[in-house]
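This report describes contacts between domains and chains, and a selection of charged pairs, in a structure shown below.

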There are 2 protein chains.
Amino acid sequence: MAEQQKKMVEAITAMDEDFAKWYTDVIKKAELTDYSSVKGCMVIRPYGYAIWENIQQDLDRRFKKTGHENVYMPMFIPESLLQKEKDHVAGFAPEVAWVTQGGSETLTERLCVRPTSETLFCEHYAKIINSYRDLPKLYNQWCSVVRWEKTTRPFLRSSEFLWQEGHTMHETAEEAREETLRMLKVYEDFYRETLAIPAVTGRKTEKEKFAGAMETYTIEPMMHNGVALQGGTSHYFGDGFARSFDITFTGRDNTLQYPHQTSWGVSTRMIGALIMVHGDDNGLVLPPKVAPIQVAIIPIAQHKEGVLEKAREIADRLSETFRVKLDASDQSAGWKFSEYEMKGVPLRLEIGPKDIEKNQCVLVRRDNREKLFVSLHELEAEIARALALVHDGLYERALANLQAKTYVARTYDEFLDIAANRPGFIKAMWCGDSACEDKIKDETGGVKSRCIPFVEEHLSDVCVCCGKPAKHQVYWGKQY
Amino acid sequence: MAEQQKKMVEAITAMDEDFAKWYTDVIKKAELTDYSSVKGCMVIRPYGYAIWENIQQDLDRRFKKTGHENVYMPMFIPESLLQKEKDHVAGFAPEVAWVTQGGSETLTERLCVRPTSETLFCEHYAKIINSYRDLPKLYNQWCSVVRWEKTTRPFLRSSEFLWQEGHTMHETAEEAREETLRMLKVYEDFYRETLAIPAVTGRKTEKEKFAGAMETYTIEPMMHNGVALQGGTSHYFGDGFARSFDITFTGRDNTLQYPHQTSWGVSTRMIGALIMVHGDDNGLVLPPKVAPIQVAIIPIAQHKEGVLEKAREIADRLSETFRVKLDASDQSAGWKFSEYEMKGVPLRLEIGPKDIEKNQCVLVRRDNREKLFVSLHELEAEIARALALVHDGLYERALANLQAKTYVARTYDEFLDIAANRPGFIKAMWCGDSACEDKIKDETGGVKSRCIPFVEEHLSDVCVCCGKPAKHQVYWGKQY
């Protein structure tokens, strides 16, 4: 109660006033995370963690359905193992945490706390892959990883975060490429079907790809304020790591060959995306499939005879089908309305004496506050329908935002004007030279290539930056 | 196949010949773990991890049913935070891994990789507990922890392992004590109902309790060879940590009070217990509730017309209710029998041309090789019944082992004789002085007090070791 009363006093900052402040206000008031005394590390509180559990369950089902198995690798990587693949170590060494002491002894070789686990998977694969019959190996791991970040924000960029990392090995390059794109598609489906988030997908440029990868594919949702979030990546490695780690197999033609590799991952960043794509000035707005509470039941005039009993009866009945919370506390109904709006609960169910008389209740959608009067006879069906409407409503709204904030630039002046004045994605042609990416980033305060989409539009013949012949259409934008 | 053929050649060591070697052979051949280049850290392979996932799901349901919520705390603990509770730091500091560098900078304060998270939970609780209305807080975390072990063995003792750690705060000492015992009971039920493992439970002596706890309760199953495994612990802390971390709340009487705390945990050690309690000379024997594959379907004479089709039809049908694997590979039926026995699959289903004619199949129990001829009409019901029989059979056999290897010692000579010649638990009286525990441990090569049971037997009036008046009946035994 003490905590709750404090919450009544502080209002959250409006999105338009200060988006960054709005974001941290929502996280605090919805009780998603807490800060800890460890630099850049967050405590994920029960309500935040419950969102992650729902995300995990859904994704894990998708991974298993596509033939993947879960494993667990050590959290430490000996320095010599990390150094086996040159590009990889160059990319990660500057941002890892090093263990140098175990108990009272100084280690002869320091160990890094895994920033990602390609090297560990490769070491294991070298031992268990001998024949083409052992392929493919389709492993995934759920764990936490550490990247020593200088500036951190809950969910978006933290020194430690939770994620999954898939690491697979294949007989041919073609199969590995198929896997890379299959898993990007799994992410895309998951974003759309479960998180209600639309996104742009495509290939990263050379400059932006993962350390050690031959190709990196990405899913890039747009936040409400027009800024991109790299929402998940899928990498094709060729046989580079396999050569560095001496992973070989006897092929169908009895020759010794190197397998072809992929990796792919998404993280607790997705919770950041949920907040910034769907949230509003009243707080969090959660898509029904990951909401820890799908229906908040609020008794109206609960002191009146029969109201609480009826509310409990409904809660018991609904909890067999939905994630339900009955709030029978002595707070006012108005306080409860705000509380569950803040927490982003997709549906509020109000039940009072008059409703009981008519054998009905009121459903209120979080996304648009639409009220539905629903007969108690058809409650389950009506709630299922309303939850589907909330999901679709959220998706449509996010898609409209993404479309409205996607611009086309044909000249560099146009590009600079949009970058300065209209936050969002910019579609523009590019020559393929990373020098233009550097120039754009410098002259726009951070606009980067997001990706080369799978279906490119022909917007002009020349690079928007240097005027040389264009090779690709690129999505550009600032990012978290 | 290359891997599989190698397996055919090596047989596993017999249990009676060399139990330790048998244990590592089973782990290797059932593909539960692999060694890594990181000292004392293991790779948990898909089959091993699938057991852990089943354990997790079952336990998590039990935790949530008793009102607990999951959270995630940082994996690092600043040295100053670890030092806040004196007994706790003294217990853990000698065996932690220290991070001293982040990226290229040397940290001003070193961070330990969590060996357990009391200190982090306390830091968080200090911020969110203000009033008696905020209590109880019933949090749990699934994560990995690190303890820098000198000698390690897969699952039993490794530098990193997976576990859950519950940390709860209560208004009164009585409520915290109730929670401590409630969670021990949850573990006991889980061991019996899910792992099919009987155990002795009770309170640890002062000498054996957890660093910083007032009381530690333990569950101690007995391995097949008579050696104990500390299978899970539940601790009552009183308000010691609360005082060290300045966690206070306003009580019902409006005074400032310290809350009362518990913690409790079980780990991947339980997989070690599964192996050593139920396994036999043919390999792993898994209780049906955690077995990744509950029924292995082996087609007999699979080249004959209709056999594979029927096997596939049965597999599809059964996979709606059970975890099923059809092995349609070109290995011989005999090879497959050994393979799934090695992997501990509770039931084998054989289906061949003659069975198809009679519309039946053969079920073979892993625990006792009993054969059942079953009509395909009643297959689901018969499999469910057979799985329940396997579970009960495993429990009964383990209980018989525990009872047969539990001895009573009334004199010190008896005690030494049993300790030297009959591995198992020894019930004997104790004066309450840790000097006797030290003496017994020294003179028996490692027999320790397992616990003081909840219902003590009166075996004699005096301590089995020193002859002074007895205070308690204790279970003694060697441990992993």
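## Contact between domains 1 and 3 of chain A

The model is predicted. In chain A, 19 residues of domain 1 are in contact with 17 residues of domain 3. These belong to a chain divided into domain 1 (31–278), domain 2 (295–402) and domain 3 (406–477). Taken over C-alpha atoms, the centres of domain 1 of chain A and domain 3 of chain A are separated by 28 Å.

Together, domain 1 of chain A and domain 3 of chain A bury about 1500 Å², and 65% of this area is on carbon and sulfur atoms. On the side of domain 1 of chain A, the residues that lose the most area to domain 3 of chain A are Arg203(A), Thr205(A) and Lys207(A), which together account for 34% of what that side buries.

Two salt bridges are found across this interface of domain 1 of chain A and domain 3 of chain A. Lys207(A) takes part in a salt bridge with Asp438(A), with the closest N and O atoms 2.7 Å apart. Between domain 1 of chain A and domain 3 of chain A there are also seven residue pairs in polar contact (both at pLDDT 80 or more). On the domain 1 side, at least two residues each are supplied by helix H7 (173–193), strand E9 (199–203) and strand E10 (215–221) of chain A. By class, that side has seven nonpolar, seven polar and five charged residues.

## Contact between chains B and A

Between the two chains, 61 residues of chain B are in contact with 61 residues of chain A. Chain B and chain A bury about 5100 Å² between them, with 57% of it on carbon and sulfur atoms.

The count of salt bridges between chain B and chain A is four. Lys64(B) forms a salt bridge with Glu53(A), and the closest N and O atoms are 3.2 Å apart. Polar contacts across the interface of chain B and chain A amount to 29 residue pairs (both at pLDDT 80 or more). Strand E5 (residues 97–102) of chain B gives the most to the side of chain B that touches chain A, contributing six residues. The residues on that side of chain B divide into 32 nonpolar, 12 polar and 17 charged.

## Salt bridges within the chains

Side chains of opposite charge can pair when their charged atoms come close. Over all chains, the structure holds 66 salt bridges.

| Salt bridge | Closest N and O atoms |
|---|---|
| Lys343(A) with Glu31(A) | 3.6 Å |
| Asp189(B) with Arg192(B) | 3.2 Å |

Lys343(A) is buried, at a relative accessible area of 11%, and Glu31(A) is buried, at 17%.

Asp189(B) and Arg192(B) both lie in helix H7 (residues 173–193) of chain B, three residues apart, about one turn of the helix. An α-helix has 3.6 residues a turn, so residues three or four places apart point the same way. Asp189(B) counts as buried at 14% relative accessibility, while Arg192(B) counts as partly exposed at 32%. In chain A, salt bridges that share partners join Asp58(A), Arg61(A), Arg62(A), Lys185(A), Asp189(A), Arg192(A) and Glu193(A) into one network.

The N-terminal end of H2(B) is capped by Asp18(B), which has a side-chain oxygen 3.2 Å from the backbone nitrogen of Ala20(B). H2(B) is followed by Glu31(B), whose phi is positive, near 60 degrees.

In chain A, helix H12 (residues 353–358) contains Glu357(A). Glu357(A) is exposed, with a relative accessible area of 71%. The C-alpha atoms of Glu357(A) and Ile44(A) are separated by 43 Å, and the two residues are 313 residues apart along the chain.

Terms used:
Residues numbered from 1 in each chain as written. Chains lettered and ligands numbered in written order. Predicted model: local features only at pLDDT ≥ 70, side-chain atom pairs only at ≥ 80, totals over all residues. Heavy atoms only, no water. Domains from an automatic or database assignment. Contact = heavy atoms within 4.5 Å. Buried area = accessible area lost by both parts, 1.4 Å probe. Salt bridge = Lys/Arg side-chain N within 4 Å of Asp/Glu carboxyl O. Polar contact = N/O pair within 3.5 Å; in protein donor to acceptor, adjacent residues only side chain to side chain. Helix = DSSP H or I, 4+ residues; strand = E, 2+ residues; numbered from the N terminus. Nonpolar A, V, L, I, M, F, W, Y, C, P; charged D, E, K, R; others polar. Buried < 20%, exposed > 50% of the residue type's maximum accessible area, 1.4 Å probe, protein only.
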